[in-house]
Amino acid sequence: MSTRPAESQSQQSGHQSDGSPRIPSDEELAQMSTDDLVDLGNRIDDIEVVSSRERFPVPGTRAEKRAERQVAGWFILAAISAIVFIVAFIAWPWEYRSPTEEGAWIYALYTPIIGVTFGLAVFAVGMGVIAYSKKLLPEDLTIQQRHDGRSPEIDRRTAAARLVQTGQQSGLSRRKLIYRSMGAAGGVLGLGVLVAAFGGLVKNPWKEGPNSPLLVTDWKSKGGERVYVRKFNGNARDIVLVRAGDLEPGAMETVFPFHASEVKNPAVFEEFLVAGATGGQAVLNEEDLVDPEHVAETVRSSDSPVMLIRLRPNVAVIKRAGQEDFNYGTLFAYSKICSHMGCPTSLYEDQTNRILCPCHQSQFQANEYAKPVFGPATRPLAQLPIAVDDLGYLYARSDFIEPVGPAFWERNS
């Protein structure tokens with residue numbers, strides 16, 4: 001018969017005299033193996049292991065190899081999808097094309113292509129993880145009582161050991177096909193996320209100095225030529241210029257820039273202007289233009305649209321300091337790009353003289369230099385200085401004197 005004290009026997013068995021698990025010292029914890037820590041954690045957390053068995057007790061069987069290939073197939077699919085996403089994001093034609101233009105169907109596929117490939121990559125990674133856990137991880141059935149509050153240090157140590165043991169039992173290190181395909185899927189998918197997040201920052205937006213894209217628009221005269229106000233009639237290559245009397249009081253029209261230098265023959269352009277001013281039918285054809293594609297591009301450019309508004313004669317006007325002569329009579333031209341998030345401020349309410357942005361409901365007072373009066377926008381819409389030539393055509397006296405659209409850190413207004 002043993003003469004060992006009862007307390008000593010209980011400590012050796014891992015429990016105290018009251019039946020609760022004995023908590024080892026820090027020195028004892030440091031000397032314990034992973035299996036010892038897992039066993040201790042089970043006892044501390046009151047976990048009962050009902051059953052535990054390997055999926056494939058004999059490694060390397062045909063069934064195990066088949067399961068590995070199925071799991072690896074999902075990760076390979078994820079890697080391929082992520083590669084296609086990256087290539088499409090960078091190389092697919094993304095510039096806007098109207099439905100009547102050549103290549104419109106290719107442009108229309110840009111968003112579906114990058115959406116489907118990125119979604120498929122994420123889906124395949126998730127399916128690969130699920131398939132791995134169902135087909136290859138050991139089958140364990142355990143029961144545990146839950147507790148409230150933060151776990152003590154010993155619980156966190158034993159939980160970490162349990163995770164390490166699970167990784168060891170998973171056999172991932174010996175399943176090279178899954179290990180490599182999972183790494184490829186995770187790496188390429190992670191690269192895809194970085195490309196999507198920082199792809200727009202690859203080009204230096206300031207390399208052209210004061211002529212950098214964020215500081216100028218197509219309303220800027222490139223060589224001293226006149227930039228006329230043009231409206232869009234459904235065909236980006238048709239040139240329809242706007243005259244001061246074209247808008248009725250209280251009316252609004254979206255207009256775009258047209259550079260006089262876009263016409264090959266100045267005499268042809270002069271004939272076109274005179275005919276339009278006198279009620280003639282002269283038109284400019286594509287063969288009259290230096291670069292018809294560039295003319296069409298100005299309509300698609302994100303910072304080109306301008307709201308041309310003609311206020312009623314009895315409306316009181318408050319002008320912004322330094323911009324007192326930007327209007328022509330009751331005609332005012334404001335950037336259509338909202339100063340909040342860049343949405344198109346495409347609505348105008350004549351009774352209140354308010355410009356409305358449909359995205360986040362910002363409102364701007366058209367007769368008070370388009371200052372924000374409601375919603376999240378905090379800056380007025382940029383105003384375009386306009387004038388009228390001898391034939392009555394509207395033109396831009398200069399580009400905007402401030403960046404259009406939302407704020408950015410170099411902005412000084």
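Is Cys359 buried, partly exposed or exposed? Select Cys359 and show its surface: with a relative accessible area of 37%, Cys359 is partly exposed. Here, buried means under 20% relative accessible area, exposed means over 50%, and partly exposed is in between (1.4 Å probe, protein chains only).

Before moving on, note that this is a predicted model, where local features need pLDDT of at least 70, side-chain atom pairs count only at pLDDT 80 or more, and totals for chains, interfaces and linings use all residues. Residues are numbered from 1 along each chain as its sequence is written, and side-chain values use heavy atoms, with hydrogens and water left out.

**Stop 1: the cysteines**

A disulfide (a pair of cysteine sulfur atoms within 2.5 Å) joins Cys343 to Cys359, S to S 2.5 Å. A search of the whole structure turns up one disulfide. Cys343 sits in the loop between strand 7 and strand 8 (347-349), and Cys359 in the loop between strand 9 (354-356) and strand 10 (363-365), so the pair ties together parts that are 16 residues apart in sequence. Strands are DSSP runs of E with at least two residues, helices are runs of H or I with at least four, and both are numbered from the N terminus. Look along the S-S bond: at -110°, the link is left-handed. Cys343 is buried, at a relative accessible area of 13%.

Next, pick Cys338 and Cys357. The sulfur of Cys338 is 3.9 Å from the closest cysteine sulfur, in Cys357, which is too far for a bond. Cys338 is buried at 2% relative accessibility, and Cys357 is buried with a relative accessible area of 3%.

**Stop 2: inside**

Select Trp219, Leu308, Leu384 and Leu394. Of the 19 residues in the largest nonpolar core, these touch the most other members. Such a core is a set of buried Ala, Val, Leu, Ile, Met, Phe, Trp, Tyr and Cys residues joined through side-chain atoms within 4.5 Å. Zoom in on Leu308: leaving aside its neighbours within four places in sequence, its contacts (heavy atoms within 4.5 Å) include Val242, Phe332, Ile386 and Leu394. A second, separate core has 16 residues, among them Met307, Ile309, Leu311 and Cys357.

Then highlight helix 10 (residues 292-300). Its buried residues include Pro292, Val295 and Val299, and the buried residues of helix 10 pack against strand 3 and strand 5 (252-259).

**Stop 3: charged pairs**

How many salt bridges does the structure hold? There are four, a salt bridge being a side-chain nitrogen of Lys or Arg within 4 Å of a carboxyl oxygen of Asp or Glu. Asp350 is buried at 17% relative accessibility, while Arg312 is partly exposed at 38%. Then jump to Arg320 and Glu402, with closest N and O atoms 3.0 Å apart. That pair links distant parts of the chain, 82 residues apart.

**Stop 4**

Finish with Ile76, Ile80, Val84 and Leu177, which make a nonpolar surface patch of about 320 Å². Patches are made of residues with over 30% relative accessible area and no salt bridge: like charges are joined within 9 Å, nonpolar side chains (Val, Leu, Ile, Met, Phe, Trp, Tyr) within 5 Å. Areas come from the Shrake-Rupley method with a 1.4 Å probe; for residues, only the protein chains shown count as cover. Helix 4 (residues 62-91) gives the most, with three residues, and Leu177 lies in helix 8 (residues 176-198).
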